[in-house]
Amino acid sequence: AVENGSFSHKSVLSHEISQCNGTNGVTKKKPPLNETITTPSGFSFDRSSYIRVLLQTLDELGYHGSVKQLESESGIILEDPSVCELRSHVVEGKWEQIFELLQKVGISNPQDLQSARFLVNEQRYLEMLEVGQTHEALV
């Protein structure tokens, strides 16, 4: 910077230091998660949905550390641990544990719980038929 026709090292140095911390000396507040973002093309979405898409993409690309960091900074969790546990039980065919966990994951509407149980039973039935366990599939 130039002050009164002379070069000021102090102001250049302080500017460079403020750029090093990535804030340019300004502390920014995080925008609210429910804030609507509109792209130049007119597409609108809420900030939390955008963060979820970012989290899913980072996870699928294998950037698990980045997922944890973004979850920490945003306060949005990609998946609740109970959902991960439920998926694991489905993949492993642990049907009784699935039914127990369905009670715990917070499905409060009885119709939704009944629908979830039906879908699990349908999956169980199809998987047992696939491996030739016809009798077990019908029980």
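K94 forms a salt bridge with E92, with the closest N and O atoms 2.9 Å apart. A salt bridge here is a side-chain nitrogen of Lys or Arg within 4 Å of a carboxyl oxygen of Asp or Glu. The model is predicted: local features need pLDDT of at least 70, side-chain atom pairs count only at pLDDT 80 or more, and totals for chains, interfaces and linings use all residues. Residues are numbered from 1 along each chain as its sequence is written, and side-chain values use heavy atoms, with hydrogens and water left out.

K94 is partly exposed, at 33% relative accessible area. E92 is also partly exposed, at 46%.

The whole structure holds three salt bridges. One of them joins the side chains of R87 and E79, at 2.1 Å from N to O. R87 is partly exposed, with a relative accessible area of 43%. E79 is partly exposed as well, with 27%. Another pairs E71 with K68, where the closest N and O atoms are 3.7 Å apart. Both residues lie in helix α3 (residues 64–74), three residues apart, or about one turn of the helix. Helices are DSSP runs (H or I, at least four residues), numbered from the N terminus.

Helix α4 was examined next. The helix has twelve residues, which at 1.5 Å a residue should span 16 Å; its end C-alpha atoms are 17 Å apart, which agrees. The expected span is 1.5 Å times one less than the number of residues. Just after α4, G93 takes a positive phi of about 70°.

H89 lies in helix α4, which covers residues 81–92. H89 is buried, with 11% relative accessibility. Leaving out residues up to four places away in sequence, H89 touches K94, Q97, I98 and L101. Contact means heavy atoms within 4.5 Å.

Aromatic pairs number two. In the pair of F43 and F45, the ring centres are 5.5 Å apart and the planes meet at 35°, so the pair is tilted. Rings of Phe, Tyr and Trp (its six-membered ring) pair if their centres lie within 6.5 Å; planes under 30 degrees apart count as stacked, over 60 as edge-to-face and the rest as tilted. F43 is exposed, at 52% relative accessible area. F45 is buried, at 17%. F43, F45 and Y50 form one aromatic cluster.

A nonpolar patch lies on the surface. Y125, L126, L129 and L138 form this patch, with about 370 Å² of accessible area together. Patches are made of residues with over 30% relative accessible area and no salt bridge; like charges are joined within 9 Å, and nonpolar side chains (Val, Leu, Ile, Met, Phe, Trp, Tyr) within 5 Å. Accessible areas come from the Shrake-Rupley method with a 1.4 Å probe, and for residues only the protein chains shown count as cover. Helix α6 (residues 110–130) gives the most to the patch, with three residues. L126 has its place in helix α6. L126 is partly exposed, with a relative accessible area of 45%.

Key. Helix = DSSP H or I, 4+ residues; strand = E, 2+ residues; numbered from the N terminus. Buried < 20%, exposed > 50% of the residue type's maximum accessible area, 1.4 Å probe, protein only.
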